[in-house]
Amino acid sequence: PVDFRSAASASAVCSFCRSTLVRDGDALRRIGQSAEVFDDHSPLQLGASGKLQGVAFTLVGRLQYSTADGTWNEWHALFDVGGGDSDTPPRSAWLSEDNGAYVIAFDRLPQGALPAPADLRAGSHVAVDGGAWDVASIVQARLLAAQGELPRPPKLQSEFTVIDLRNVQGEVGTLDYAEPQSPQWSIGRSITLIELAMQGLREVSEKTLASRAVACPSCGASLAVKLATTQSITCGQCHAVVDLVGPDGQGVGADLAHYAQANSGESGIEPQIPLGSTGRFAFGATDELPWQVVGYLERCDLPEADSDDEQTFWREYLLYNQTAGFAFLVDAEDGWSWVRPITGVPSGRGDTVEWQGIRYRKGYDYAAKVTWVQGEFYWRVRREERAQVTDYAGDGAGSGRRLSREAVGQEVTWSAGEAMDAALVADAFRLPPSARPAIQRDAAPASMVNVGSALGGFSKMVIVFIALVVMMIVLSRCDSDNCDSTRQTFGATSNEYQQCVRTRGSGGSYGTSGGSWGGYSSGGGHK
């Protein structure tokens with residue numbers, strides 16, 4: 001039996017044989033067969049219910065899409081009432097699920113013609129449906145599979161273009177060119193499952209996730225996947241980076257792509273906050289929640305060949321909370337900060353922008369790459385991929401706030417956060433006293449202080465200047481083979497010395513990439 005909850009629904013997919021059925025008067029006509037949905041361990045499922053602004057809805061259908069960077073879901077939500085009129089059919093919405101984040105959107109009839117895909121590029125500004133938007137991403141997608149009741153017949157076909165837009169009101173606009181002559185237009189907002197008061201969610205247990213354990217394609221060691229959203233994972237034995245999505249989104253049952261990190265080996269040094277550690281933080285306006293360290297990245301900027309800028313390094317910890325999604329802790333030369341991707345875009349252009357009432361001034365604009373990764377990631381980690389980063393610092397009352405823009409290929413992501421004290425990080429993760437000095441960023445190196453204390457004013461300045469020059473030369477070389485100067489200056493337990501050991505002899509560069517509207521972005525204040 002195939003039941004229709006709404007008289008306005010045009011089609012449904014049989015849950016038994018996956019036949020795609022469309023209404024033809026009072027009869028149903030079979031037009032094809034849907035592929036089986038790839039099990040991505042989503043907490044959502046058909047029949048789950050929730051409320052939006054007091055109006056109840058039920059998830060009655062699902063579309064699963066894939067891109068070169070993975071998969072995402074569009075859940076068809078059917079509301080109990082129409083637009084205030086009992087004769088109006090129930091209203092439909094789309095609950096998009098991507099990278100552990102959610103957007104609820106409604107289809108709209110645009111005012112005026114919609115732009116052609118060839119006229120848009122990531123980062124550009126465009127007028128659509130009478131409003132001003134920024135292009136966040138342009139991806140080539142295809143529909144993998146469909147389930148349940150849908151407002152339009154699903155078309156399993158070749159690739160088509162999907163363009164995501166953002167505006168200063170924090171909205172997400174989506175242009176779907178599956179039908180090039182009549183593209184679909186929708187507008188939505190970021191939302192959490194807690195805000196939707198979801199019930200009837202699927203239980204994603206540790207036992208279920210353990211079934212995804214696979215052998216490392218490089219060394220054969222077991223890779224136990226902990227997170228439902230993981231798309232890349234590093235092997236704890238050989239440090240290879242393994243793509244869990246596989247070709248055409250086929251998942252772990254397919255041959256998995258992987259690559260070795262050139263700076264891996266027995267001398268590899270672990271993150272100073274161990275993977276798996278859990279700390280409680282209140283990021284921004286959210287309540288204090290437990291956040292677990294699931295991934296670790298080491299990154300450096302790439303000064304231009306004719307530039308006198310020194311090369312800098314920083315570290316990022318990927319944090320996960322089951323209800324709030326992902327966040328980053330950034331450990332840079334100027335201290336610690338937290339950041340999270342934002343849905344909208346700041347207002348303003350050039351050196352000054354504004355976001356949520358705070359003015360930000362442009363700090364640095366630079367290229368960056370990832371030199372080392374450990375743990376699990378919700379995006380597909382790629383070799384030789386680089387990001388163009390622009391950092392902004394809060395002004396006036398917003399002092400300490402951070403804003404960052406990252407562009408990778410045809411995707412632009414904004415992130416916002418705030419500086420934080422190293423002691424807060426240490427307390428949250430209950431780091432032992434022996435580990436706390438290594439995460440401080442505001443203390444002068446002991447070796448420099450001891451040398452200077454025995455000298456007069458001018459001689460002390462000369463010695464300190466020489467030490468700083470030596471330190472910058474050592475740190476500015478990704479491929480240095482001699483880290484003795486860094487060890488003597490900062491100490492053997494310092495991040496600076498560990499970074500030098502990690503990156504010496506590295507011939508490769510490794511980068512990251514995001515999903516559709518969820519996106520990957522890390523934090524500000526890198527320089």
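A salt bridge is a side-chain nitrogen of Lys or Arg within 4 Å of a carboxyl oxygen of Asp or Glu. By that rule, the structure holds twelve salt bridges. The model is a predicted one: local features need pLDDT of at least 70, side-chain atom pairs count only at pLDDT 80 or more, and totals for chains, interfaces and linings use all residues. Residues are numbered from 1 along each chain as its sequence is written, and side-chain values use heavy atoms, with hydrogens and water left out.

Start with R108. This arginine forms a salt bridge with D129, and the closest N and O atoms are 3.0 Å apart. What does the pair tie together? R108 lies in strand β8 (residues 101–108), while D129 lies in the loop between β9 (125–128) and β10 (131–150), so the bridge joins parts that are 21 residues apart in sequence. Helices (H or I, at least four residues) and strands (E, at least two) are DSSP runs, numbered from the N terminus.

R108 is partly exposed, at 40%. D129 is buried, with a relative accessible area of 13%. D129 has another feature to look for. Its phi is near 55°, a positive value in a residue other than glycine.

Now move to D334. Its salt bridge partner is R402, with the closest N and O atoms 3.7 Å apart. This pair links distant parts of the chain: D334 is in the loop between β22 (325–332) and β23 (335–341), R402 is in strand β28 (residues 401–408), and they are 68 residues apart. D334 is partly exposed, with a relative accessible area of 44%. R402 is buried, at 11%.

R436 is partly exposed at 27% relative accessibility. D427 is partly exposed too, with a relative accessible area of 46%. Elsewhere, salt bridges that share partners join R299, E316 and E406 into one network.

Next, look at helix α2. It spans residues 422–428 and holds L424. L424 counts as partly exposed, at 46% relative accessibility. How far apart are L424 and R280 in sequence and in space? They are 144 residues apart in sequence and 9.9 Å apart in space, C-alpha to C-alpha. R430 is exposed, with a relative accessible area of 68%. It has a positive phi of about 55° although it is not a glycine.

P217 is partly exposed, with a relative accessible area of 35%. The C-alpha atoms of P217 and D243 are separated by 10.0 Å, and the two residues are 26 residues apart along the chain.

Which residues form a negative surface patch? They are E304, D306, D308, D309, E310 and E333. Patches are made of residues with over 30% relative accessible area and no salt bridge: like charges are joined within 9 Å, and nonpolar side chains (Val, Leu, Ile, Met, Phe, Trp, Tyr) within 5 Å. Asp and Glu count as negative and Lys and Arg as positive, while His and the chain ends are not counted. The place of a charge is taken as NZ of Lys, CZ of Arg, CG of Asp or CD of Glu. Accessible areas come from the Shrake-Rupley method with a 1.4 Å probe; for residues, only the protein chains shown count as cover. E310, one of the patch residues, is found in the loop between β20 (289–301) and β21 (313–321). E310 is partly exposed, with a relative accessible area of 34%.

Finish with the cysteines. A disulfide is a pair of cysteine sulfur atoms within 2.5 Å. How many disulfides does a search of the whole structure find? It finds zero. C235 counts as buried, at 2% relative accessibility. C300 is buried as well, with a relative accessible area of 0%.

Conventions. Buried < 20%, exposed > 50% of the residue type's maximum accessible area, 1.4 Å probe, protein only.
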